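Please keep both in view as you read.

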Amino acid sequence: MLQSQGFLEQDPLHRRDRIRRKVYRGGKRKGQVNFYWKSEVNDMEKKSRVLVIGATGRLGRHLAEASLRFSHPTFALVRDSSFSHPLKSQNLQSLSNAGATLLRGSLQDEASLIEALKQVDVVICAISPTQALDQKLLIRAIKQVGCIKRFIPSEFGLDPDKVQVSGMHYNFFSPKAEIRRLVEEQGIPYTFVSCNFFMSYLLPSLVQPGLTSPPRDQVTIFGHGNTKGVFVQEKDIASFTIRAVDDPRTLNKVLHLRPPGNVYSMNELVGIWETKIAKKLQKIYLSEQELLNRITETPYPENLDLIFIYSAFIKGDQTYFDVEASGGVEGTKLYPEVNYTTISEYLDTLL
């Protein structure tokens, strides 16, 4: 297992206010020399040490990369099986080469959790939504060690306290809400991240279940088509999340992501796409009741896409509430310096 090691020393060949950092292992190549201004080194020393759980996953990899990019000492808790998995092992090697420290362990192994937690300040969990309740042992371990300054549990979707599809979602959101309550009850400092839809979900088909690319002739619009949904690219979710870990403004808050240029109704999405392909599409409007009937007629889990469409584009679960009035904070307002991919830019890649 590779780990980055090194030392700081004065560099007599350069200005006195520069520092040379020699990386023996974990850099792009052995013996690589990186130069930093003293202020940069001081900033790095002040950054919280971040542990990412689920670093080989779709979002977890971006979280680990963003943590490294923003100069946080970065650790990843990795299951033994991941080291022998062809793709996951490559991703782990890449993270290690970039300077991440890989720790063997799992959410089912309390001893490995405690050992990992003692080395860090911030814990970000990015496991599958279906595994949300597996975080209970982690929460117990965080409470036991008492050194974690911020916990970001695995949510990264719609706000489970705001969704209005109770009884329809096959227990998808309830475990996330249960984890929220447990974190609050234990008095663990937290930030909950509600990023809404990943850009890689539904948007590649222009919200057309069953398609793998946007339509060129006919499009189905759900409801009246004016309710807005939100899409954010995974790497951008990671950037906003890492920005929040040391920010007192996000402590014990829900961090919502509603980036301007990424909040659109279905009518608006279709209009943007029509402009890009220079063609008007035939529009078929599916009423709320017709969508509900289709959800009922479609077996689980094939109907989940329809349920999420109903939640976002009929009920308005991503946009019906005011973020600040609900006690939350909005990421693009806190961090206007963070660049992100807009829906229009993403759709350009699908032409």
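Are Tyr190 and Phe192 buried or exposed? Tyr190 is buried, and Phe192 is buried as well; buried stands for under 20% relative accessible area, exposed for over 50% and partly exposed for what lies in between, with a 1.4 Å probe and protein chains only.

## About the model

This is a predicted model, in which local features need pLDDT of at least 70 and side-chain atom pairs count only at pLDDT 80 or more, while totals for chains, interfaces and linings use all residues. Residues are numbered from 1 along each chain as its sequence is written, and side-chain values use heavy atoms, with hydrogens and water left out.

The mean pLDDT of the protein is 89, and 87% of its residues reach 70 or more; pLDDT is the predictor's confidence in each residue, from 0 to 100. Please take care with residues 1-41, where pLDDT stays under 50. Where pLDDT is low, the predicted coordinates should not be read in detail.

## Overall build

The protein has 13 helices and 16 strands, taken as DSSP runs numbered from the N terminus (helices: H or I, at least four residues; strands: E, at least two). Of its 351 residues, 51% are buried. Among contacts (heavy atoms within 4.5 Å) with a separation of 6 or more, 75% join residues 24 or more positions apart.

## An enclosed helix

The buried residues include Leu304, Ile307, Tyr310 and Ile314. Their cover includes the strands β10, β11, β12 and β14 and the helices α9 and α10. After α11 comes Gly316, with a positive phi near 75°.

## Aromatic rings

There are 11 aromatic pairs in the structure. Rings of Phe, Tyr and Trp (its six-membered ring) pair if their centres lie within 6.5 Å; planes under 30 degrees apart are stacked, over 60 edge-to-face and the rest tilted. Phe172 and Phe173 pair edge-to-face, 5.1 Å centre to centre with 80° between the planes. Tyr190 and Phe192 are stacked, at 4.1 Å and 15°.

One aromatic cluster is formed by Phe172, Phe173, Phe197, Tyr201, Phe231, Phe308 and Phe313. Within α11, Phe308 and Phe313 are both buried.
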